[in-house]
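I opened my notebook with the chain on screen. I wanted to go from the whole to single residues.

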Amino acid sequence: MDRFIEFAVNHYILVSLFVAFLLAILVLESRRGGQKISAQGAVSLINRDEAVVVDIRDRKEFGEGRIAGSVNIPLNAIKSRASELKKFKDKQIIVADKMGQHSAMAVKQLKAEGYENVVRLNGGIADWKSSNLPLVKK
């Protein structure tokens, strides 16, 4: 540890550049997946702006519980089935998955298809459940 502090003191410019680049990469990566929204923010968008929820989980998980009015398009089919969302192009689209890990890829693909108002549910359906918000079962 003493050698690390000695190195940092002797090479403060290198250490400063490393920290700056590290922070820049973290900021860039966090923005790459699109804007995040909390479960409460999603409820507000759904109620106020009539936002559409796109659930990217597989059919089995979707059947176990879903957000009311959500559309199920699995992640592996999002590119081929993106045209199903054309009628919602002027509305806000909220992408939800199981735990918020894969929704960034779906947001990126939807933005590539020309959808501008796309956000992802932070924490996914797990966060939705933990906020004690209702899920509809088929």
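**Entry 1: the whole chain**

I noted first that this is a predicted model. I looked up the secondary structure and found six helices and five strands. Then I read along the sequence and wrote down the pattern α-α-β-α-β-α-β-β-α-β-α. The radius of gyration is 19 Å, well over the 14 Å that the globule rule gives for 138 residues, so the chain is more spread out than a compact globule. I also looked up the spans of the C-alpha trace along its principal axes, which are about 65 × 35 × 30 Å.

**Entry 2: inside and outside**

How much of the chain is buried? I found that 34% of the 138 residues count as buried. The accessible surface comes to about 9000 Å². Carbon and sulfur atoms hold 57% of that surface. Next I checked contacts between residues at least 6 apart in sequence: 67% of them join residues at least 24 apart. The chain has 22 positive and 15 negative side chains. The centres of these two sets lie 4 Å apart.

**Entry 3: helix H3**

I turned to H3, residues 39-49. Which residues of H3 are buried? My list has Ala39, Ala42 and Leu45. They cover an arc of only 115° around the axis, so they sit on the same side of H3. I recalled the rule behind this: an α-helix has 3.6 residues a turn, so residues three or four places apart point the same way. On the other side of H3, I found Asn47 and Arg48 exposed. What do the buried residues of H3 pack against? I wrote down strand S1 (36-37), S4, S5 and H6.

**Entry 4: helix H5**

I repeated the search for H5, residues 103-112. Here Ser103, Ala104, Ala106, Val107 and Leu110 are buried. Their arc around the axis is only 160°, which puts them on the same side of H5. Lys108 and Ala112 are exposed on the other side of H5. I then asked what covers the buried residues of H5. The cover includes strand S4 (93-96) and strand S5 (118-121). Just after H5, I saw that Gly114 takes a positive phi of about 105°.

**Entry 5: positive phi without glycine**

I kept one general point in mind. Most residues other than glycine have a negative phi. Glu50 is not a glycine, yet its phi is positive, at about 55°. I placed Glu50 in the loop between H3 and S2. Asn132 is another non-glycine with a positive phi, about 60°. I found Asn132 in the segment after helix H6 (124-130). Is Asn132 buried or exposed? Asn132 is exposed, with a relative accessible area of 69%.

**Entry 6: Asp55**

My last stop was Asp55, in strand S2 (residues 52-55). Asp55 has a relative accessible area of 1%. Buried means under 20%, so Asp55 counts as buried. What is Asp55 in contact with, leaving aside its neighbours within four places in sequence? I listed Phe62, Arg66, Ser70, Val71, Asn72, Ile73, Pro74, Ala96 and Ile125.

Conventions:
Residues numbered from 1 in each chain as written. Predicted model: local features only at pLDDT ≥ 70, side-chain atom pairs only at ≥ 80, totals over all residues. Heavy atoms only, no water. Helix = DSSP H or I, 4+ residues; strand = E, 2+ residues; numbered from the N terminus. Buried < 20%, exposed > 50% of the residue type's maximum accessible area, 1.4 Å probe, protein only. Contact = heavy atoms within 4.5 Å. Rg over C-alpha atoms; globule rule 2.2 N^0.38 Å. Areas by Shrake-Rupley, 256 points an atom, 1.4 Å probe, with all protein chains shown as cover. Lys, Arg positive; Asp, Glu negative; His and termini not counted. Charge placed at Lys NZ, Arg CZ, Asp CG, Glu CD. Arc of directions from axis to C-beta.
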